[in-house]
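Let's take a walk through this structure together. We will start with one idea about accessibility, then look at a single residue, and finish with a sheet.

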Amino acid sequence: GFLMSYALALTDDKGRGKGGGKGDRFDANFQVEFRPARTIDYSGSCVKFLSNAVEYSLRRHNYRGGYQCHYHFSKEMPLPALDPLGSAASPCSHFAHMVVNKQKQQIHSVHWMPSQRKVVTGSSNGELTVWNGLTFNYENILQGHTSKVTALLFTPDESVLISGDGDGAIRLWEPTFAFIREIEAHKETVRDISCSPNGTKFVSCADDSSARVWDYSTLREERQFVGWDVKCCHWHPSKGLVATGSKDNQVKLWDPRAKEPICTIWAHKNIVTKVKWSPDGQNLISGARDHLVKCMDLRAMKERRVFKAHKHAITALTWNPEFPECFVSASHGGMMAFWDINWDTPVDTLPTAHEGAINAMAYSKVAHMLVSVSSDMSTRFWVRARPGDAEATSYCPAPRYYDTGTAEEDPNGVRAATAPVLRHGIFLPAAPSRQQLEDLKVKQEMALQPKAIQDSQPPPTTEEEALAAILDDDDAEPPQKKIKAERA
């Protein structure tokens, strides 16, 4: 009330204030439209898990027994690792939210913060932006580099953030984004950074035809792997083994203590853009500009499977942290595909997840959400299918979203997907209305009647019905000809 009276005191009868504008009459009855912000929170799943662990046996408890078709029951969803359906329900292929920086720039890197509730992204103007992973609102921004931020990585103990830029520099930050130190690591753009399992060393690769191993405590170079334009690198999750992909179409395995590669794998016919070890360290996937993703078994040292779904160069790869057999691939055309290494066909695909090249992706530690960044200047959040999702396009910006099936024009001018979603069968359909039940009952009764009774029709009682019966009969003479014949 005080604020309203104060606003009225500052304006005259025509609504003009002290700013010199024309203004309008202040309307005290004006109501601002309230739009509640969406929240994707996994706390309900954690609380449900803890309560069930205390009260029941996890083996006998069925999580999916009482799902209803409403978002209220999202808290009943178990964590991905405890889901009875396993990896079948793990793909985060449903759109949740999209955010764009105030200064629209291409986003090149992304990583989850240690709390798993925030996401940090690096843009082409050198800014580090922090987004809330629950309410999707902006939280902080920092001018971290003078050029594009191409790589982001937290150390295994999550105490230091390592970032690389387009000038070849590597900077270290505290989780509060307090600057620690800068290294002039390379002469060209840093392409990838990866840490050792114990966090004492890390490796970086750049366009200066080299990958270098650094000591974390002294920040000095220990080893240099010389190749031909090394494009990507990744440290084994449990062993002293580094995999690199380069411009000469080769994937090489290195010992961090030696200068020569252990072995060379000729798997692709074009530039290798990404390599990633599986969380259990048994498989290595690689993506290249030949539009292929290949999986290699480290134990047998042979190619395990080839994944074909993309029509453009592979630009990003990431494993599901809870299911070591599942991973996601993204291409330069904005397509995302969800894979299982035991199958040749993708589990799910998003043909136009972004409008530009997808530069990086990151899973949360509990695998409840996937974040992707792209050259279309947007950061998008993807989640699992939830109770109440009637369509894949629920809560999605229509002009900037994909169509999973045949697209039709809505009366409101919005394109809507007509293909069924909820592919994993975990949701109950909405209860039918009374009219739908009555129509279904009539159809069942008609189906039970003999065919002769269905085909028989009552005799006409009025002249109009008789005339309609004559017109419906193809063999009968037209009424005009019949009248003329009678007159004759």
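A residue counts as buried when its relative accessible area is under 20%, and as exposed when that value is over 50%. Please keep in mind that this is a predicted model. With that cut-off, 44% of the 488 residues of the protein count as buried. The protein as a whole exposes about 26,600 Å², and carbon and sulfur atoms supply 52% of that area.

What does the fold consist of? The protein has six helices and 30 strands. Of the contacts between residues at least 6 apart in sequence, 45% join residues at least 24 apart.

Now zoom in on His-236, which you will find in the loop between strand 14 (230-235) and strand 15 (242-246). Is His-236 buried or exposed? Its relative accessible area is 1%, so His-236 is buried. The side chain of His-236 reaches the backbone nitrogen of Ser-238 at 3.1 Å. A polar atom of that side chain also lies 3.1 Å from the backbone nitrogen of Lys-239. Leaving aside residues up to four places away in sequence, His-236 touches Pro-197, Leu-241, Trp-277, Gly-281 and Leu-298.

Four strands, in the order 18-19-20-21, form an open sheet with antiparallel pairing. Strand 18 (272-277) and strand 21 (302-308) are its edge strands, each pairing on one side only. On average, neighbouring strands of this sheet are turned by 20° against each other, direction ignored. Strand 20 (residues 292-297) runs antiparallel to strand 21, and six bridges join the two.

Note on methods. Residues are numbered from 1 along each chain as its sequence is written. This is a predicted model: local features need pLDDT of at least 70, side-chain atom pairs count only at pLDDT 80 or more; totals for chains, interfaces and linings use all residues. Side-chain values use heavy atoms; hydrogens and water are left out. Buried means under 20% relative accessible area, exposed over 50%, partly exposed in between (1.4 Å probe, protein chains only). Contact means heavy atoms within 4.5 Å. Accessible areas come from the Shrake-Rupley method with a 1.4 Å probe; for residues, only the protein chains shown count as cover. A polar contact is a pair of N or O atoms within 3.5 Å; within protein, one must be able to donate a hydrogen and the other to accept it, and residues adjacent in sequence count only if both atoms are side-chain atoms. Two strands pair if DSSP finds at least two bridges between them. Axes are lines fitted to C-alpha atoms, for helices over the stretch in contact, and angles run from 0 to 180 degrees between N-to-C directions.
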